[in-house]
Structures are given as C-alpha cells and as structure tokens.
Amino acid sequence: MNIQDVSPEERGNSELDDEELMRRLGYRDLGAFQALYDRYGNLVYSTVLRILRDVQTAEDMVQEIFLRIWRKPDSYVAQRGRFVTWLTSVSRNRAVDEIRSRGRRFRYETSSPEEQERELPTPEINDPALRAELADQRRLILAALARIPLEQRQIIELAYFGGLTQQEIAERLCQPLGTVKTRVRLGMQKLRAALTPEVRLEER
Amino acid sequence: MRDSSEGLDARCVEARELVDAYALGALESREAAPLQRHVSDCAQCREELGKSQRTAALLSLSVRIEQARPRLRERILAHAEKERFEIPGWRRLVPSRRVGTRAVAFGGVVALVFAVFLQAQLSNLRGDNGQLQDQLSAASSELEQQRQIVAVLSAQDTQKVAMEQVSLRSQAESVYNWSPVNDAGFIVCRNFPAPAPGRVYQVWFVAGGRAEPVATFLPQNGGCQIPMDMSRMNWRPDGIGISVEAQGGSSRPTRPWFSYAWFNEASSGGGSHDMRMGIWAAAIGP
Ligand SMILES: [Zn+2]
C-alpha cells in the first residue's frame, strides 16, 4: 500500500506526542487511546503495583485509571504540565488513596511462585518497555536518588510510595517529627536541584 | 542565589516549608488545608508547589518497570471500545487540521527543549563519572533493597513492637516492625553504644529452646536499620533478641540479651525477667 493512501490520522499514532493523543481522545479516537496505553501502560502498572503490591488489585486500578482518561480526557489540561507527569501523579494518588481507605482490613492475596519470583530485585537500566525519552528520565531520577543521603531518600519513598504522612513516618522510624520534616525538605531540595536545569546553572 | 525566605510574607514562609511534604502527600489533612487556601491566592507559592509536584511525579519513573499481562491490555481496550459511543454529551467532531498542526508543533518544541536539557544532564553525569552504567546499576539495586524496607515500614498490617533494653542506664531504643503479609521484619534502633572492639551486635529469632541467628550489625551513629526476610523460615518465632557477640557472629547467643521483645504475652511465660533469661539459657543449652 502506498503511504499516500493512508490519512494522517491513521498513520503512526505512535509517532504523535502525548498531548496530541490526548486531544484525539476527545474525538473518541480508539487508536490514540491504544497508543497511549502502549506507551504508558507498563509505567502506570509498575507504579501502582509498587504501592499496592498485589497484581490483581494493580490490574484493576490500571484499568480504572485508563478508562477514566478515556471517559474524561479533558481532566488533563496541557497548559499545566506534561502529560506523563500528570499521569504518574494521578496513578500514585489513586493507589495511595486505595491503601489508605482499605486501612487495616487490607490483605494481599497469596501470590503465585512466578509472581513472587517477579518481586525479587533485578536492576534494569535499559528497559525496552520504556521509550528512549522516558528511559533517559529514568536514568536521571535514579542517579539523583542515588546521590541523596539514605535517610532522606527513605523518608521520601515512605511518603510517596508508602502513602505515609510525616507524622506516621516519625512514629515508624522512631525519629523526632522535626527530623523527618527537615529530611523531607533537604531531600526534595536536592532532587529538585538534580532535576532542574536552572538550579544547577545557578549553583555553578 | 537569593535566599528563598528573604522578603517573604510570614504566610509565604510557612507555606514554603510545607510544599515538599504536600507534594509527596505527607501532610495530615489539617496541615494541608491552610496550604491549599494559601496557594489559591498566592502565585509565587503556587509556582513553588508546582516545582515540588513535578519533582515528586518523577519519582514514579524510578520504579522497577514490570510488564503488565497482555490480557489486561485486551480487557481495557475492549471496555474502551464498548463505551466508545456511550459517553454522554459525545458529539462526533471532525478534528480541525489547523488546531491539530499547532498542537503538534507546540508539543514538538516542548519535547525538543526537554531533550536538550536531558542531553546536557546526561553528559554532565558522564563527565562526573565515566562508569555511569555501573553507578546506575549499583544505585538501582541499592534502591531495590531499600524498597524492601520501605515495603515493610509502610505495609498496612505492620505491627510495631518496642523492644526492651536490659541495661537500665542505657539510652538505647529499638523497635521491631513486622509485616505478616510481606513475611518480613525490620529493626530500627537508635542510641546504641558502639560495642567493644572485635564485637558486634547480633540479632536472633527465638522460640522455646531455639535461637536462630538473623544478622550481625554495627550501629552507625548509634542507629541501625536491619531488614529480615522471613519468607523462607518454616517456623514462627516467639520473640526477638539482640546480644553482643564476637565479630562474625556466633551460632548461639553467648551473652545476655542487650535488648529483646516477646511477640505476645502468652509466650513470655508470665513476663518475668528471669523467665526470659531462662528461655535464653535454654537456647544456648547446657
Ligand atoms: Zn505565598
């Protein structure tokens, strides 16, 4: 088939940027939705799995998140920031709301041996499941995290992935609340510095 | 660089102290509400909050990437297709070519700017350390280990047991966190004195006449964080103890407990100090 026979809409959704794909969701473009899922499905899944730690619950949540986007694509406003940032925030917040609302009643399903196997740590730097642009950002954030002191990083992770408040972190780590607050601020400042070009330039 | 608190309204100073915690979702709702009100009126603090939120959102990219099962994709796409024309208020619109082109062009510029910035950052990293790949591999595997600890600490079912310190003069504190669903435990300690040269602290799981070594450690600035994977244990301990042992650890506790905790009252044998020491003595045998 000659490439000229294909309309621009049908030609390679995978080459369009996120914001354009989101715009097309407004026209009920199923191909655009599929392209978004193929681009970010694994990232959203990995994020919520990291927080919920249960495959079944994580899958249900990925479905909920993507279908919500499909139903209400205008909940994303391009002027406020990049799509991937918005999507990961939505995913993280949804998953944390879930563990908080379940509270102590929450129990993990017994996972199969293959799933337990999957939970063993395996560092993957060049992940083929991520597009090159995301893979670069992943390297940056990993390097930035590696450079901040362990005690600050741990608190940031407990808050972001564990869904704990500063108060709860202080209790669980036997640290004074003031120490936890200081570590949150110092750690986030360092991450911001490592990830924001302006700040780095000013530091030189 | 200008001090961020210079010339700021007191309410702004207060707000700036909270933006990072807010972006991480770590504020109690009573702390978050005043901040939300303030940023709705104050453009500068809103901007600061935006920066923190963008930073926090990038944390998601640090997770280990898992492949979702293909059937999840099928399920989601099938739902989407079924609902395609069921959305209330949906109108079939023909996308305007002009707007589309502008949107693509705008997206292109943003992506380009970001790509340039990333390139600069990455070459910066390479400049700092030619072994970037090694450094990242090490960082990534350390992060994963760290995340096992975070998993235990943040699990909803985590039980916290304050350990008792045997020495009355000791300022030492230690807490045992145990998450049954993760089949893992975690000791946090502080104010532990450095052991005598050639000696280490050793952690033991104890049940009846049995004591199994778990880990040895030297406190750093008096603190410790000891993760314990219990998934391969085929017995359930009644308690946990820490003793001071020779470097390299012992196969049985050879000294009295430095600190210990019994997981439930029934297993503490009435809770007397002697009984606990009795269990310890039984553990090391005649
Ligand atoms: Zn302000």
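The legends below describe close-up views of a predicted model. Local features need pLDDT of at least 70 and side-chain atom pairs count only at pLDDT 80 or more, while totals for chains, interfaces and linings use all residues; side-chain values use heavy atoms, with hydrogens and water left out. Residues are numbered from 1 along each chain as its sequence is written, and chains are lettered from A and ligands numbered from 1 in the order in which they are written.

**View 1. The zinc site of chain B.** Four residues coordinate the zinc ion at 2.1 to 2.3 Å: Cys12(B) through SG, His38(B) through NE2, Cys42(B) through SG and Cys45(B) through SG. Donors are N, O and S atoms within 2.8 Å of the metal (3.2 Å for Na, K and Ca); water is not among the atoms, so sites may look incomplete. The arrangement is tetrahedral because the angles subtended by the 4 donor atoms run from 100 to 117° (for four donors, the term requires all angles to lie between 85 and 135 degrees). Along the sequence, the spacing of the donor residues is C-x25-H-x3-C-x2-C.

View 2. Cys12(B) lies in helix H1 (residues 10-23) of chain B and Cys45(B) in helix H3 (residues 43-58) of chain B, so that the pair, 33 residues apart, links distant parts of the chain. Helices (H or I, at least four residues) and strands (E, at least two) are DSSP runs, numbered from the N terminus. Cys12(B) is buried at a relative accessible area of 8%, and Cys45(B) is buried at 0%. Buried means under 20% relative accessible area, exposed over 50%, and partly exposed in between (1.4 Å probe, protein chains only).

**View 3. Strand E8 of chain B and its partners.** Strand E5 (residues 199-207) of chain B pairs with E8(B) in the antiparallel sense over 8 bridges; two strands pair if DSSP finds at least two bridges between them. Within E8(B), Ile240(B) stands opposite Phe205(B). E8(B) also pairs with strand E9 (residues 259-262) of chain B, in the antiparallel sense over 4 bridges. There, Ser259(B) in E9(B) is the bridge partner of Ile242(B).

**View 4. The helices of chain A.** Chain A contains 10 helices and 0 strands. Of its 204 residues, 55% are buried. Among contacts in chain A with a separation of 6 or more, 58% join residues 24 or more positions apart; contact means heavy atoms within 4.5 Å.

Conventions
Four donors count as tetrahedral if all angles lie between 85 and 135 degrees; four count as square planar and six as octahedral if opposite donors are over 155 degrees apart and all others between 65 and 115; anything else is irregular.
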